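Hello,

I am handing this structure over to you. Please open it first, then read the notes below.

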Amino acid sequence: MTTLIYKSTMAPDFTHNQIRSMLYHARHFNEINEVSGCIFYGNSQFLQMIEGEQHTISDLYGRIQEDNRHHSVELLFHEETPKRLFKEWNMIFFNVKLFEDFKSEDENFMKSVLVDRFKEEPEIPSIQVLRAHVNSLKENPETNFI
Ligand SMILES: Cc1cc2nc3c(=O)[nH]c(=O)nc-3n(C[C@H](O)[C@H](O)[C@H](O)COP(=O)(O)O)c2cc1C
């Protein structure tokens, strides 16, 4: 099992509808190829974790890096990991901006996904990396989500 996390900046002409369509295709590929993970979007940035078999993740990351719908792809974490953390999700999507606007149930859901589920094992390195970067996707980083 390999886990990879990166951050990137969305291309200016990539619309919300196109994000939705990208996700639809990505989830289809991920389901067939046993890739799971999560993706956060906010402040024109993506923060994504993908987990799966080593060669599947390397190939997928290669294609993601080449994708011109985003740029400045920065690798944050790439390690062999003992278990899959997001096995329920082929790619769960969180729009960080929505949390700012509405203080919505989504924010609670994100907390339950990123914090509550890992209360028993708070030192999981990949989760720490996600938590450390998710707040930087906010336009106003003074208040922390998690
Ligand atoms: C932010 C972002 C995240 C993506 N995540 C995935 C993903 O999880 N799974 C996937 O198959 N494609 C994902 N893609 C799409 C890939 O970059 C690529 O378009 C897809 O693998 C098809 O590649 P191909 O056109 O070279 O065949 C993502 C693209 C972007 C911009």
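Here is what was found in it.

This is a predicted model, in which local features need pLDDT of at least 70, side-chain atom pairs count only at pLDDT 80 or more, and totals for chains, interfaces and linings use all residues. Residues are numbered from 1 along each chain as its sequence is written.

Overall layout

The protein has five helices and five strands. Both are DSSP runs, numbered from the N terminus: helices are H or I with at least four residues, strands are E with at least two. Along the sequence the pattern reads β-α-β-β-α-β-β-α-α-α. The radius of gyration is 14 Å, close to the 15 Å that the globule rule gives for 146 residues, so the protein is as compact as a globular protein of that length. That radius is taken over C-alpha atoms, and the rule is 2.2 Å times the number of residues to the power 0.38. The C-alpha atoms fill a box of roughly 40 × 40 × 25 Å along the principal axes.

Of the 146 residues, 24% count as buried. Buried means that 20 or more other C-beta atoms, placed from the backbone, lie within 10 Å of the residue's own.

The sheet

The five strands form an open sheet in the order β4-β1-β3-β2-β5, with mixed pairing. Two strands pair if DSSP finds at least two bridges between them. The edge strands, β4 (70-80) and β5 (92-95), each pair on one side only.

Look at β3 next. Seven of its eight residues are buried. Strand β1 (residues 2-10) runs antiparallel to β3 (residues 45-52), and eight bridges join them. Ser-8 has Phe-46 as its bridge partner, and Thr-9 stands opposite Gln-45. Strand β2 (residues 36-42) also pairs with β3 in the antiparallel sense, over seven bridges. Here Ser-36 stands opposite Glu-51. β2 and β3 form a hairpin with two residues between them. In that turn, Asn-43 has a positive phi of about 55 degrees.

The ligand

Which residues are closest to the ligand? They are Ala-26, Phe-29, Phe-46, Arg-63 and Asp-67, out of 14 residues that surround it. A residue counts as near if its C-beta atom, placed from the backbone, lies within 6 Å. α1 (16-32), β3 and α2 (54-66) each give two or more residues to this shell. The largest share, four residues, comes from α1.

Best wishes

Conventions
A residue is buried if 20 or more other C-beta atoms lie within 10 Å of its own, exposed if 12 or fewer, and partly exposed in between; C-beta atoms are placed from the backbone.
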